[in-house]
Amino acid sequence: MSDFEEQVLEGLFKCRIHLPNVSHDGGIIGAAVSGGADSVSLLLSLCHLFKAHSIPLKVITVNHYIRQDSESCGDVDFVKNLCQSLKNQGYDVELTVCELEKGQVASLAQKKSIGIEAAARELRYDAFDKFIEENRLKCLCLAHNKNDQLETLLMRFLQGAGIDSAAGIPQVREKYIRPLLNIKRAEIERYLKQNNITWRTDSTNSDTSYLRNRIRSELVPLLNKSFSGWDKAVLTGAQKAADDSEVLSQILMLEEDQLSWDDTFYEFPRGLQIRLLLKLANNAGCSTRIPYAFLLDVCDCAKHADNYRRKVEKRFEDLCFTLSERGVSVKKCPEVQKEIVFSAIIEKSGFYETPGGRVFVPEGFSFPLRIRSCCPGDEVETADCGRKKVADVFSDWHVPEEKRQYIPVVQELKLPEQKIVCILGSSFGYKDWIVKNEKM
């Protein structure tokens, strides 16, 4: 057994998977494999570990059809060939290929007002759930590693995440486990090279219009160079957040269909109030991120006894938050707020709160700038120095009409034209359109 496989075995044990027990019970374990280095190392190491215990490995790969067919179908063919090669070597491995319909991801993204990556993830996990049930798996192994964890924690911090998100990627969630979560990407690639195994590389990994990719290619190298030990500190903070989150969850125990809380809500500190509001919103069927600024507004109303004694309603999209002498309740409401208008002058690069949440305005512009909601007729410069309507950009991104009012644009003020220099979509799961970089 190699050092890497010993680490994977330790990761399985941390996920409460003891291979002799699995073998004795006749259990079956699954793995999700995309063809990238992480999942290929997971597949190879599990095959080696499971063979000694006669444990079958069920593998699933998903074709989302959100890249060029030559690339996405090439990934599937690579996984097929690899699994067949392992099977020929005597490993008990069986592959299932899940092919999503072309356009299915984009359709879901538009329907649910989410980004393409979020929609792909939802459909992927739907396929995983079905795969687990059909094969009666004890668990399904996912290939997230230590680098993924650090990138996720940095991304969520920059997005102003709450305590639950600040805990990072969980090693165990129901039947999903991540035995590589404490292993670095460099160790993964070294293991594959030692075994003369190649892997596929997703072309979108180099697209820095995605926040995660910018963190990986720009922020992490800077931290590694200038802040020794930053990674350990971030992981320690995440563990503390996870411990705090577990305690708070025990305090606020809600039934799945519970939509209200009694007047003890007004006695809670703000942190508990916000957590309770989010839980009630989830129970009411909210599937989108609720801006922190909105939650703070609800809590500010709760500070004043006169407010809730006379009943106060606050609305976010199709949710109605009601404060009254009985307590707080959240429910779906038929009347949706139709128009959000906001505008502010900003003097420097940084994070700013908007009605849609926290957004980041990059450097490189001539400040001051105006950050505001989009207006009819707004246009933005394209890479070829042409002009394009902001509404058409939103259409290309599949942003639903009701969501467009929340995505801010940034407008220059010093020149007479007062051109739009940014469309800040990344905090909402889309891209950023940055004119100075001549790219999306």
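User: Is C47 buried or exposed in this structure?
Analyst: This is a predicted model, with residues numbered from 1 along each chain as its sequence is written. Local features need pLDDT of at least 70 and side-chain atom pairs count only at pLDDT 80 or more, while totals for chains, interfaces and linings use all residues; side-chain values use heavy atoms, with hydrogens and water left out. Buried stands for under 20% relative accessible area, exposed for over 50% and partly exposed for the range in between, with a 1.4 Å probe and protein chains only. Since C47 has a relative accessible area of 5%, C47 is buried.

User: How many disulfides does the structure hold, and how far is the sulfur of C47 from the closest cysteine sulfur?
Analyst: A disulfide is a pair of cysteine sulfur atoms within 2.5 Å, and the structure holds zero of them. The closest cysteine sulfur to that of C47 belongs to C83, and it is too far for a bond, at 7.3 Å.

User: Is that partner cysteine, C83, buried or exposed?
Analyst: C83 is in no disulfide, and its nearest cysteine sulfur is that of C47. With a relative accessibility of 4%, C83 counts as buried.

User: Which residues touch the most other members of the largest nonpolar core?
Analyst: A nonpolar core is a set of buried Ala, Val, Leu, Ile, Met, Phe, Trp, Tyr and Cys residues joined through side-chain atoms within 4.5 Å. In soluble globular proteins, nonpolar side chains tend to be buried together. The largest such core here has 54 residues, and those touching the most other members are F265, I290, F321, L323 and I423.

User: At roughly what angle do the axes of helices α5 and α6 cross?
Analyst: Helices (H or I, at least four residues) and strands (E, at least two) are DSSP runs numbered from the N terminus, and axes are lines fitted to C-alpha atoms, for helices over the stretch in contact, with angles running from 0 to 180 degrees between N-to-C directions. Angles under 35 degrees count as roughly parallel, over 145 as roughly antiparallel, 65 to 115 as roughly perpendicular and the rest as oblique. By that scale α5 and α6 are roughly perpendicular to each other. The axes of α5 (residues 104-112) and α6 (residues 116-135) come within 8 Å, and they cross at roughly 110 degrees.

User: How many charged residues does the contact of α5 with α6 contain?
Analyst: From α5, residues Q104, V105, A106, L108, A109 and K112 meet I116, A119, A120, E122 and L123 of α6. Ala, Val, Leu, Ile, Met, Phe, Trp, Tyr, Cys and Pro count as nonpolar, Asp, Glu, Lys and Arg as charged, and the others, Gly among them, as polar. On this basis the contact has eight nonpolar residues, one polar and, as for charged residues, two.

User: Within what distance do the axes of helices α7 and α10 come?
Analyst: The axes of α7 (residues 146-158) and α10 (residues 211-226) cross at roughly 100 degrees, which makes α7 roughly perpendicular to α10. The classes in their contact are eight nonpolar, one polar and four charged residues. The two axes come within 10 Å.

User: What is the phi of S54, a residue that is not a glycine?
Analyst: Most residues other than glycine have a negative phi, and most peptide bonds are trans. S54 is found in the loop between α3 (37-51) and β2 (57-63), and counts as exposed at 64% relative accessibility. Although S54 is not a glycine, its phi is positive, at about 55 degrees.

User: Is the peptide bond from F367 to P368 cis or trans?
Analyst: P368 lies in the loop between β13 (357-361) and β14 (369-372), and it is one of the residues that L413 touches. With omega near 5 degrees, the peptide bond from F367 to P368 is cis.

Note on methods: Contact = heavy atoms within 4.5 Å. Lists of a residue's contacts leave out its neighbours within four places in sequence.
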